[in-house]
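Student: Could you take me through a close look at how helices pack against each other here? I would like to follow one part slowly.

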Amino acid sequence: MLFRLPIIFLIIAVHETAHGFVAYKMGDTTAKDMGRLTLNPMKHMDILGAICMLIFGFGWAKPVPVNPMNFKKRDKGRVLTALAGPVSNILMALAGVILWTVLKAYDVIPQTVMGGFVDRFFVVFIMLNTAFAVFNLLPVPPLDGSKIIEPLLPPKTRIWLGRNERILSLVLVALLLFGALSPVLGILNQWMLNGIVALSNLLLYPFL
């Protein structure tokens, strides 16, 4: 719990700022105009999402406002903006694995109680970033995964999802609270983590 709160604040801030930054680069200034292009976590905090992430390790933030009509290329802009958040978490998890591996390889982390706290911090940082990325990639509204696949869906399906987004989001929260998604999310999380560790080993192979 000691490590989770500040890490959750950081994860949410980077995730949502990444959405806003990519949207800005694609031609939409809505997030910037509304003061959401910032690393201030309080601007992005969704209380229920933060509590779920604190307790279950999976959660969400307050979505950054995006107006697809402003994108230079609408479908491309929507997909890249939606991808930006989960990708930012994957990159942070990868950076965490690389830094932790290097510190341990060169015996920078002491075999003391303080060293144990450092190890625990890296574990929590990597796991929460991985879990946040996996959860937000689920193709269920209002998560990022639904926006990533939306351009590939038939028009009728897009309309149905838009009309029922609130209901689907409530069902998603209920499934999360009752633990119905835990087995699937656990498997996906492990796959993602294995991929991040494998990529880290590949990048570090010439140096260690």
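Tutor: Happy to! Helix H1 (residues 4–25) packs with helix H5 (residues 113–136) at an angle of about 40°, and their axes lie 10 Å apart. That angle makes H1 oblique to H5. Angles under 35 degrees count as roughly parallel, over 145 as roughly antiparallel, 65 to 115 as roughly perpendicular and the rest as oblique. Axes are lines fitted to C-alpha atoms, for helices over the stretch in contact, and angles run from 0 to 180 degrees between N-to-C directions. Helices are DSSP runs (H or I, at least four residues), numbered from the N terminus.

This is a predicted model, where local features need pLDDT of at least 70, side-chain atom pairs count only at pLDDT 80 or more, and totals for chains, interfaces and linings use all residues. Residues are numbered from 1 along each chain as its sequence is written, and side-chain values use heavy atoms, with hydrogens and water left out.

Now for the crossing: H1 passes H5 in a right-handed way, meaning that the near helix is turned clockwise from the far one by less than a right angle. On the H1 side, the residues that meet H5 are Arg4, Ile7, Ile8, Leu10, Ile11, Ile12 and His15. Their partners in H5 are Phe121, Val124, Phe125, Leu128, Asn129, Phe132 and Asn136. Contact means heavy atoms within 4.5 Å. The residues of this contact of H1 with H5 divide into 10 nonpolar, 3 polar and 1 charged. Here Ala, Val, Leu, Ile, Met, Phe, Trp, Tyr, Cys and Pro count as nonpolar, Asp, Glu, Lys and Arg as charged, and the others, Gly among them, as polar.

Definitions and conventions:
Helices (H or I, at least four residues) and strands (E, at least two) are DSSP runs, numbered from the N terminus.
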